[in-house]
Amino acid sequence: MFLHGYIPADATQTIICPSIKDKNGDLCDISNYHHIVFSKILEHVLLNRLQEHLKAAVNQFGFKRGHSTLMPTLLLKELLKFCIDHGSTMFVCFLDANKAFDRVDYTTLFRKLINHEMPTYLASTSTLELV
């Protein structure tokens with residue numbers, strides 16, 4: 001796919017496996033079942049090839065290898081304790097970005113990757129198209 005710059009239409013199919021994620025959840029809800037999406041496999045291949053070029057801020061914990069939600073949770077707890085101990089007010093806002101990447105403009109994303117010196121052998125993926 002990288003060499004020829006296209007994804008076969010068959011590779012875009014989703015296979016629903018009869019494996020339930022949450023046994024207490026709604027068994028009629030399709031999102032309660034594990035599924036394999038070929039694009040996820042492609043994303044993992046791309047991630048492995050691009051990993052050395054990705055940079056994240058030291059205070060970023062999500063989507064970062066070797067990091068979990070434990071550290072930011074402890075950090076928030078300590079900040080709240082500090083504010084309470086010093087009689088200060090603290091405002092916290094939580095954002096659920098669970099579906100944020102469902103609306104990514106991939107053309108813009110690939111342009112930005114190229115502008116950030118993405119390896120040229122991967123640049124052809126910006127022109128991937130379904131056959």
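Colleagues, the model is a predicted one, in which local features need pLDDT of at least 70 and side-chain atom pairs count only at pLDDT 80 or more, while totals for chains, interfaces and linings use all residues. Residues are numbered from 1 along each chain as its sequence is written, and side-chain values use heavy atoms, with hydrogens and water left out.

I begin with the fold. The protein chain holds four helices and four strands; these are DSSP runs numbered from the N terminus, with H or I over at least four residues for helices and E over at least two for strands. Read from the N terminus, their order is β-β-β-α-α-α-α-β.

Next, confidence, expressed as pLDDT, the predictor's score for each residue from 0 to 100. The chain averages 76, and 81% of the residues score at least 70. Helix α2, residues 70-85, has the highest mean, 91, whereas strand β4, residues 129-130, has the lowest, 41. Across residues 124-131 the pLDDT is below 50, and in the model this stretch has 22 contacts beyond near neighbours in sequence. A contact here means heavy atoms within 4.5 Å. Of the contacts in the chain with a separation of 6 or more, 41% are between residues 24 or more positions apart.

I turn to accessibility. The accessible surface of the chain, by the Shrake-Rupley method with a 1.4 Å probe, is about 11,300 Å², and carbon and sulfur atoms contribute 60% of that. Of the 131 residues, 13% are buried, where buried means under 20% relative accessible area, exposed over 50%, and partly exposed in between, with a 1.4 Å probe and protein chains only. The number of disulfides, defined as pairs of cysteine sulfur atoms within 2.5 Å, is zero.

Finally, helix α2. Which residue forms a salt bridge with D85? The partner is K81, with the closest N and O atoms 2.9 Å apart; the criterion is a side-chain nitrogen of Lys or Arg within 4 Å of a carboxyl oxygen of Asp or Glu. D85 and K81 are separated by about one helical turn, because they stand four residues apart in helix α2. K81 is partly exposed, at 47% relative accessibility. The count of salt bridges is one.

L80 also lies in helix α2, and at 33% relative accessibility L80 is partly exposed. Together with I84, V92 and F94, L80 forms a nonpolar surface patch with about 420 Å² of accessible area. Such patches take residues with over 30% relative accessible area and no salt bridge, joining nonpolar side chains (Val, Leu, Ile, Met, Phe, Trp, Tyr) within 5 Å and like charges within 9 Å.
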